[in-house]
Amino acid sequence: MHFHHHGYVSGDPGVQAPAGHGIDRPRELPDETDVLVVGTGPAGMITAAQLSQFPEVDVRIIDKRPHRLEIGQADGIQARSVETFQAFGFANRLIDEAYHITEMSFWKPDPERPQEIVRTARPADDPRGISEFPHLIVNQARVLDSFAEFMLRSPGRIEPDYGVEFLTLEVTGEGERPVLATVRHTAGPREGEVRTIRARYVVGSDGARSGVRAAIGRRLEGDQANHAWGVMDVLAESDFPDIRRKCAIQSEHGSILHIPREGGHLFRMYVDLGVVDPAAHHAVRQTTVEQIVERANAILHPYSLDVRSVAWHSVYEVGHRLTDRFDDVPADRVGEREPRVFITGDACHTHSAKAGQGMNVSMQDGFNLGWKLGHVLTGLSPAALLRTYSEERQVITRNLIDFDREWSTMMAARPEDLKSPEELEEFYVKTAEFPAGFMTEYRPSMITAGTEHQDLAAGFPVGKRFRSARVTRVCDGFPLHLGHQATADGRWRVYVFADAPAAGEPSTLADWAEWVRADPASPRVLHTPDGGDDDALLDLSVVYRQPHVDVELMRTPRAFRPQVGPFRLSYLERVYAALPGEDVFEDRRIGRAGAVVVVRPDQYVAAVLPLDEPAALGRFFEPILARPARPGRRGATTAPRSGTTARDVS
């Protein structure tokens, strides 16, 4: 964690000093705001959390509930989400309290006694080691609480406004705040009062029955599988040997997806209730928890389940639905009009709970959108940047829905209806990267380059998330994960992998670094605010091929030793070296000529560029950072602060 550069910090270094709208933030919901986020679910909270790092942007997040969520319906946290939590600074805390999925058991009818189930396979959850982060199970409410804490500790000091219900909106196209949102207070002294809030942008994260979606004329389109499931979180006694292991159970009486929960006792069961008559599908919603337990016992035979306490239960039918766009731009105006209203999470896509994608995909929607709104509203990027949200996320979500449809169909199938007895477990192992969140690959756009230089760093595919690797920090010889040093602060990362010469020797790297530091066409020169830290916009890191003992720190280019804070102190922790035995150059297939890897604020690789052509970096950023820097923008250093700056939470 980076702190003390604004002066000695004696308190919690993770609490950042308030700035901008975070200073004396009014508790009462105002009549005007920059961004109104509707809904405090995962998508809404991560959007607001990211925007809390842009204190010049006024953000309010509302929810009709009178208080925070206490019992969450979602619980599966895929490795990509844990990676994201790392950037927001709370991954380790949730890792410590969560249930870790390390393997999955498959149970099927015993060939000799088909009325009973037997274990048939127990594959590892991540057999290929696609991530250094685990697959977790933890209550959704704890995730939301963590984002709420991050917001309160950030410069923007954003807090949810509970007890405020969204009613409708209108995009007038008039003035600086052209979106008129009508809301109603549902709790507190103003309960029942209807009022209008003017906003520059509105983000609808208000669930599958989204009022924001309805207001902009979008509809969820798709199919119902006419198959019902009962889900329950319970405390129970059982002689089932895999009660503390994730299981896919198929029997003559139906199927169960069994998921242990955090804490050592609680577990969740998705219990197959069978095919639903389309003419009377609402009747299945009346299924009692006692009936769900009875069905579970029939499926588990010869094992039994004695439920002692029910924390939560529900009945739902599988549905896979998607909107055609994730913003308010009409089809005939795409590319002409900039969006003003966005929908995220369940408001624009729904799927089954079987692959654990709901909360995970929704958070990536919000992470994608949040930094873009921050860049546009602070004047750093043109409004055209906001077009990329729907363009990127709609395609990705369609692919995920296709995957989920196949998985949930197989889960509901009888064993005898599958192509082979091992089809379900083979599909699980073969597709592990997809539900883990690592198959997302953004297409070329204004923020994602083409692949003409991909061979320079083949292990960092353009459009996919930046996969971390271990390196050694030169200044103190400390081994660490390179990707874990990037925080959710809205900055771009540029990782420079050196060519062959060591630090201080003439090299292509040295020429590249001097261009970035001093050339008038360099994005760092063009867009760093007057008086701001050298790394206020672009966080540059270098990785040398030699072991750290062979790298002379003070002979490395100044571009990688930025001056920060009011005392203009050199920050020395962005110079790294290959770790013996875990060579990042070999593991990520980086050639002898070196490479420049540009990573977006949401952790996706935006470009791989040649080290011998520094101007390529300027050309990449030209359409993205289209406006010159101005004094006082986020990142500028004007006075010492008692806490950390907007880029220091780790």
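Visitor: How many of the residues of helix H2 (residues 79-88) are buried?
Guide: 10 of the 10 residues of H2 are buried, so this helix is largely enclosed by the rest of the structure. Buried means under 20% relative accessible area, exposed means over 50%, and partly exposed lies in between, with a 1.4 Å probe and protein chains only. Helices (H or I, at least four residues) and strands (E, at least two) are DSSP runs, numbered from the N terminus. Keep in mind that this is a predicted model: local features need pLDDT of at least 70, side-chain atom pairs count only at pLDDT 80 or more, and totals for chains, interfaces and linings use all residues. Residues are numbered from 1 along each chain as its sequence is written, and side-chain values use heavy atoms, with hydrogens and water left out.

Visitor: What do the buried residues of H2 pack against?
Guide: Their contacts (heavy atoms within 4.5 Å) include helix H1 (42-51), helix H3 (91-97), helix H4 (140-153) and helix H7 (358-377), along with strands S3 and S7. Among the buried residues of H2 are Arg80, Glu83, Phe85 and Phe88.

Visitor: And what follows H2?
Guide: Gly89, with a positive phi near 90 degrees.

Visitor: You mentioned S3 and S7. In what order do the strands of their sheet run?
Guide: The order is S3-S7-S4, in an open sheet of 3 strands with antiparallel pairing. Strands S3 (76-77) and S4 (99-101) are the edges, each pairing on one side only. Two strands count as paired if DSSP finds at least two bridges between them. S3 is joined to S7 (residues 135-137) by 2 bridges, and Ile77 stands opposite Leu136 in S7.

Visitor: Switching to helix H6 (residues 289-300): how far apart are its end C-alpha atoms?
Guide: They are 16 Å apart, which agrees with the 16 Å that its 12 residues should span at 1.5 Å a residue. The expected span is 1.5 Å times one less than the number of residues.

Visitor: Which residues of H6 are buried?
Guide: Val289, Ile292, Val293, Ala296, Ile299 and Leu300. They cover an arc of only 120 degrees around the axis, which puts them on the same side of H6. That arc is taken from the directions from the helix axis to the C-beta atoms. The face turned away from this buried side carries the exposed residues Glu290 and Glu294.

Visitor: Now strand S21 (residues 492-497). Which of its residues sit on each side?
Guide: Trp492, Val494 and Val496 are on one side, and Arg493, Tyr495 and Phe497 are on the other. With 6 of the 6 residues buried, S21 is largely enclosed by the rest of the structure.

Visitor: Which strands is S21 joined to?
Guide: 6 bridges join S21 to strand S22 (residues 538-544), and these two run parallel. In that pair, Val494 stands opposite Leu540. Another 5 bridges join S21 to strand S26 (residues 595-599), antiparallel this time, where Val496 has Val596 as its bridge partner.

Visitor: How many disulfides are there?
Guide: A search of the whole structure finds 0, counting a pair of cysteine sulfur atoms within 2.5 Å as a disulfide.

Visitor: Is Cys348 buried or exposed?
Guide: Cys348 is buried, at a relative accessible area of 0%. Cys475, at 31%, counts as partly exposed.

Visitor: Last one: where does Arg619 lie?
Guide: Arg619 lies in helix H13 (residues 615-621) and is partly exposed, at 47% relative accessible area. Arg619 and Ser522 are 97 residues apart in sequence and 9.2 Å apart in space, C-alpha to C-alpha.
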